[in-house]
Amino acid sequence: MDDCDPVRASIKGMLQKIGFEHIAAAADANAAIANCTEIQYDFILSDFNLGEGKDGYQLFEALKHLRLLKPGCCFIIISAESQRQIVHGVVELQPDTYLLKPFSFIQLEKRLMRAFEIKHALHQVYKEIAEEKFIEAANSCELVVKNDPDYAVYALRLRGELLLEIEYYQAAEQLYITILARRDYAWAKLGLAIARFCQQRWLEAEFELRELSKMDETRVEALDWLSRLFLKRQLYKDAYDTLNDVTKLSPKNYQRQKALANLANINGLKEDAVKIYARLQQAARYSIFDTPDNFLNYARAILELTKDANKLEQTRHFKKIDDILANIGKRFSLESYLHEEMAVRARVAVLRGNIDEARELLAKSDAAQTGKPLTAEACLDKAKAYFEAGNLSRSDEYMQELDAMAEHDDLLANTLTVLIQTEHKAHDNLREEIKTLNNDGLDAYQNGYYGRALEFFNKAFDYMPYNPSLALNLLQTISKIGGVTKDTARLARRCVEILEQSELNEGNTKRFAAVMKELNTLLQLA
């Protein structure tokens with residue numbers, strides 16, 4: 001497959017000369033996917049550059065994701081590009097071979113035949129892997145080693161990976177030690193380091209991974225596992241720096257880029273998070289990861305940056321968020337993401353001071369969410385939105401939902417787990433701080449220390465400026481102070497505004513009315 005007619009014709013001629021009879025040509029990735037939906041091919045040759053739309057990397061990624069490659073299919077990427085970033089990315093995705101242009105008929109024939117021979121020898125293994133029978137596949141690898149020594153190395157490599165997959169870590173370690181005693185394979189050294197990592201032998205694994213990160217053949221995977229190791233050891237800045245290096249080497253790996261964004265958030269690197277999500281939104285175009293989440297996460301990252309910005313910067317950030325959210329509707333069905341978009345817009349409304357609008361948007365978001373699953377990012381977003389809107393109980397509910405959302409043990413899931421734990425800890429600490437300040441304020445108020453009570457309530461109100469209970473406590477305390485200054489009058493009017501926009505229970509409604517009788521005269525004098 002190639003986007004250039006003469007090149008497709010040339011390669012087709014080579015394939016016919018080799019002996020292929022049934023050859024289908026496709027000008028772009030979508031046509032190739034359509035072909036693969038109807039026919040299971042034995043060989044697929046794809047150019048890396050396919051013009052507008054998916055490239056060869058994204059095509060291979062999509063075919064694997066859609067399970068359109070039969071176990072014995074040989075996928076070969078051909079390209080004139082030899083840049084390290086492209087090569088690292090393609091090799092990491094593990095096609096059967098990577099062929100640089102220009103190549104001759106003889107070179108193509110040798111590569112095709114070798115790829116076919118390997119696939120044929122390991123056909124049973126690949127079939128069992130496709131059926132997720134990993135123990136059986138590992139046993140089949142052992143049979144290949146015994147019965148077909150020409151392909152023993154390939155079988156041993158697959159067996160090691162399968163032992164790691166089924167968590168037979170000691171068996172995998174012993175296998176790699178045995179292999180390395182015969183020959184110094186880089187992939188076996190990497191497998192040994194991973195096996196020791198999985199057994200939590202951190203020092204051994206770190207030393208081996210650092211050495212492997214110096215070698216071209218294993219640099220990307222070694223750095224990837226090294227970042228996981230730092231993450232497990234709670235060295236979050238080291239994990240971020242290491243993973244950042246990997247993404248520069250192999251920028252097309254979406255899952256890794258998203259893990260990097262999580263690590264940026266864990267480390268409080270808000271500007272870095274915005275840049276990463278901007279890249280993700282662009283990079284996901286034409287890939288299987290092209291979803292509304294990329295736009296929403298980009299908007300959420302800018303929102304976090306907006307909290308600390310000045311008024312001019314906030315105006316610019318709000319405009320950017322509006323543009324991002326508007327662009328989602330041009331690409332995706334509104335029904336699929338509306339509930340999440342409204343939560344983001346609710347948070348924007350809070351920052352703009354439009355609390356009525358924020359609460360209305362959150363109510364609509366909850367209604368639109370019925371029956372739809374939430375991503376972890378969306379769940380965290382709802383928790384923050386409710387907290388910022390002053391509804392602590394609803395915020396707590398969404399924080400509790402987060403706990404069961406990261407179950408897999410891969411790099412992305414690990415960073416998501418740590419991010420959730422970090423956000424949960426920050427949420428709980430802030431909640432406890434507000435509770436302590438409020439209780440201290442109540443104690444001071446009950447003992448007649450109204451000035452001291454005002455200080456405690458005001459600090460709590462700074463953390464949660466739209467919470468009606470705190471606003472009412474502040475207002476009642478102000479009413480007990482002998483004189484009202486311009487500052488306390490301004491604070492009182494702010495509390496009144498919040499309370500008038502909030503739904504109060506019967507007791508608080510009566511309390512609010514009583515406090516207002518005392519305050520009206522004081523506020524007029526101020």
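**Helix packing and a pocket in a predicted model**

Q: At what angle do helix α12 and helix α13 pack?

A: This is a predicted model. Helix α12 covers residues 219–232 and helix α13 covers residues 236–249. Their axes lie 8 Å apart. The packing angle is about 160°.

Q: Are α12 and α13 roughly parallel or roughly antiparallel to each other?

A: The angle between the two is about 160°. Angles over 145 degrees count as roughly antiparallel. α12 and α13 are therefore roughly antiparallel.

Q: How do the residues of the contact of α12 with α13 divide by class?

A: From α12 come Arg219, Val220, Leu223, Asp224, Leu226, Ser227, Phe230 and Leu231. They meet Tyr236, Asp238, Ala239, Thr242, Leu243, Asp245, Val246 and Leu249 in α13. The division is 10 nonpolar, two polar and four charged.

Q: How are α11 and α12 oriented, roughly parallel or roughly antiparallel?

A: Helix α11 spans residues 202–212. α11 and α12 pack at about 150°, with axes 8 Å apart. The cut-off for roughly antiparallel is over 145 degrees. That makes the pair α11 and α12 roughly antiparallel.

Q: Is the crossing of α11 and α12 left-handed or right-handed?

A: In the contact, residues of α11 including Trp202, Leu209 and Arg210 meet residues of α12, among them Arg219, Trp225 and Phe230. By class the contact holds nine nonpolar, no polar and four charged residues. The crossing of these helices, α11 and α12, is left-handed.

Q: Are α14 and α15 roughly parallel or roughly antiparallel to each other?

A: The axes of α14 and α15 come within 8 Å. They cross at roughly 160°. Angles over 145 degrees count as roughly antiparallel. The two helices, α14 and α15, are therefore roughly antiparallel.

Q: Which classes make up the contact of α14 with α15?

A: The crossing of α14 and α15 is left-handed. Tyr254, Lys258 and Asn262 are among the α14 residues in the contact, and Asp272, Ile276 and Arg279 are among those of α15. By class, the contact of α14 with α15 has eight nonpolar, three polar and three charged residues.

Q: Which residues lie nearest the centre of the second largest pocket?

A: This pocket has a volume of about 850 Å³. Its lining numbers 39 residues. By class they are 22 nonpolar, six polar and 11 charged. Nearest the centre lie Glu304, Lys307, Arg347, Lys384 and Glu423.

Q: Which helices each supply at least two residues of the lining of the second largest pocket?

A: The lining draws on helices from α14 (254–266) to α23 (450–463) in this list. The helices, each with at least two lining residues, are α14, α15, α16, α18, α20, α21, α22 and α23.

Technical notes. Residues numbered from 1 in each chain as written. Predicted model: local features only at pLDDT ≥ 70, side-chain atom pairs only at ≥ 80, totals over all residues. Heavy atoms only, no water. Axes fitted to C-alpha atoms, helices over the stretch in contact; angles between N-to-C directions. Helix = DSSP H or I, 4+ residues; strand = E, 2+ residues; numbered from the N terminus. Parallel < 35°, antiparallel > 145°, perpendicular 65-115°, else oblique. Contact = heavy atoms within 4.5 Å. Nonpolar A, V, L, I, M, F, W, Y, C, P; charged D, E, K, R; others polar. 1 Å grid on protein atoms, 1.4 Å probe; cavity = no way out; pocket = protein on both sides within 12 Å on 5 of 7 lines; lining within 4 Å. Points joined across faces, edges and corners; volume = space filled by probe spheres on them. Left-handed = near helix turned anticlockwise from the far one by under 90°.
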